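Please examine the model shown below.

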Amino acid sequence: PISATDFKLNTVVTVKIYDSQDNSLLTECMNLCDKYENIFSRTKTDSELYKLNHRQIPAENTENNTYKVSGDLANLISTGLKYSSLSDGAFDISIEPLTSLWDFTAENPQVPDDALIRQALPACDYRNISVSGTDITLKSKTTAIALGAVAKGYIADQMKEYLVSQGVKSAIIDLGGNVLCIGKMPDGTPFKVGIQKPFADRNETIATMDIDGKSVVSSGIYERCFKQDGVLYHHILNPRTGYPYDNGLIAVTIISDRSTDGDALSTACFSMGLEKGMELAQSIENVQAFFVTDDYKIHYTKDFQKEIHVTE
């Protein structure tokens with residue numbers, strides 16, 4: 001196989017192609033990461049989303065704050081709104097005012113001032129965002145969007161689409177734990193995808209699955225977190241309280257055809273907790289999921305083991 005690894009999208013990106021020796025395919029995949037980061041990043045001051053959040057795009061209609069955006073940004077906001085609605089706001093793409101208070105990438109992360117958190121809460125309501133074609137309406141002056149929970153999945157899907165269009169039939173795309181498989185291994189066996197054991201070394205797995213052409217995405221409290229005064233704070237924030245979720249879950253893994261859906265669902269199902277998250281995952285066709293509770297027990301959706309061979 002040929003492969004390329006780089007630090008992009010604030011994570012380690014690896015693309016491995018098994019049935020081609022054309023290195024330009026790898027280069028183009030990395031270029032796609034850069035292209036989409038310039039659209040979806042909430043922190044890059046020249047990205048399209050940053051400009052939308054800071055109202056630096058000329059308004060199509062100043063009366064109702066409607067802005068014309070690219071098809072990619074409109075698509076992803078639309079997907080984010082779908083899962084915000086499905087989770088009844090437990091997952092909410094308008095969480096940017098809160099997200100920007102919590103800096104998990106800082107050298108010495110701190111819990112934000114409670115008064116600032118309370119001030120940001122009213123702005124977090126996905127119902128203040130609507131999409132019509134490529135028109136985005138932000139109904140409140142304080143509404144701002146964060147797409148970190150769906151963007152990597154979308155980018156992985158675009159990379160897969162490109163590679164398949166170039167005749168690739170066997171490859172793995174890994175965007176920092178968002179794994180998307182194209183087909184199987186060249187010998188016809190499924191890819192083996194390991195799920196990291198929460199809080200353990202990168203190479204220690206809690207389960208390994210046989211995957212053929214599907215996406216595997218995990219969300220958990222171990223990905224970006226810090227301790228302050230003996231309390232663990234992680235990056236999956238509750239838009240209703242402004243603080244990280246504390247619901248007995250430590251990780252959720254979603255297996256789906258599209259990585260965009262897996263990415264959104266892993267955060268949405270985590271946010272909803274074991275019971276409701278399980279209900280949501282089971283209500284969607286061609287989706288399997290497993291939940292890891294804080295006692296390190298694995299809870300599978302119905303028929304998971306029939307569909308996917310898994311070794312704990």
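Q: Is Phe104 buried or exposed?
A: In this predicted model, local features need pLDDT of at least 70, side-chain atom pairs count only at pLDDT 80 or more, and totals for chains, interfaces and linings use all residues. Residues are numbered from 1 along each chain as its sequence is written, and side-chain values use heavy atoms, with hydrogens and water left out. A residue is buried under 20% relative accessible area, exposed over 50% and partly exposed in between (1.4 Å probe, protein chains only). Phe104 has 13% relative accessibility, so the residue counts as buried.

Q: How many aromatic pairs does a search of the whole structure find, and what is the geometry of Phe104 and Phe226?
A: Rings of Phe, Tyr and Trp (its six-membered ring) pair if their centres lie within 6.5 Å; planes under 30 degrees apart are stacked, over 60 edge-to-face, and the rest tilted. The search of the whole structure gives 14 aromatic pairs. For Phe104 and Phe226, the centres are 5.5 Å apart and the planes stand at 45 degrees, so this pair is tilted.

Q: Which parts of the chain does this pair link?
A: Helices (H or I, at least four residues) and strands (E, at least two) are DSSP runs, numbered from the N terminus. The two residues are 122 residues apart and lie in distant parts of the chain. Phe104 is in the loop between α4 (96-99) and α5 (114-120), and Phe226 is in strand β12 (residues 225-228).

Q: Which residues do ring pairs link into a cluster?
A: Phe226, at 8% relative accessibility, counts as buried. Ring pairs join this residue and Phe104 with others in a cluster. Its members are Trp102, Phe104, Phe226, Tyr233 and Tyr243.

Q: Where is Tyr300, and which residues does Tyr300 touch beyond four places in sequence?
A: Tyr300 belongs to strand β16 (residues 298-300) and is buried, with a relative accessible area of 18%. Contact means heavy atoms within 4.5 Å. Leaving aside residues up to four places away in sequence, Tyr300 touches Met278, Ala289, Phe290, Gln305, Val310 and Glu312.

Q: Which ring does the charged end of Lys197 sit over?
A: A charge sits over a ring if NZ of Lys or CZ of Arg is within 6 Å of the ring centre and within 35 degrees of the ring normal. Arg127 lies over the face of Tyr126, 5.9 Å from the ring centre. The charged end of Lys197 is 5.6 Å from the centre of its ring, that of Tyr296.

Q: Which residues does Pro198 touch beyond four places in sequence?
A: Pro198 is in the loop between β9 (191-196) and β10 (205-211). Its relative accessible area is 2%, so Pro198 is buried. Not counting residues up to four places away in sequence, Pro198 touches Ile206, Tyr222, Ile250, Ala251 and Tyr296.

Q: What is the orientation of α6 to α7?
A: Axes are lines fitted to C-alpha atoms, for helices over the stretch in contact, and angles run from 0 to 180 degrees between N-to-C directions. Helix α6 (residues 151-165) and helix α7 (residues 259-283) have axes that come within 7 Å and cross at roughly 165 degrees. Angles under 35 degrees count as roughly parallel, over 145 as roughly antiparallel, 65 to 115 as roughly perpendicular and the rest as oblique. The orientation of α6 to α7 is therefore roughly antiparallel.

Q: What is the orientation of α3 to α7?
A: Helix α3 (residues 71-86) packs with α7 at an angle of about 5 degrees, and their axes are 10 Å apart. The orientation of α3 to α7 is therefore roughly parallel.
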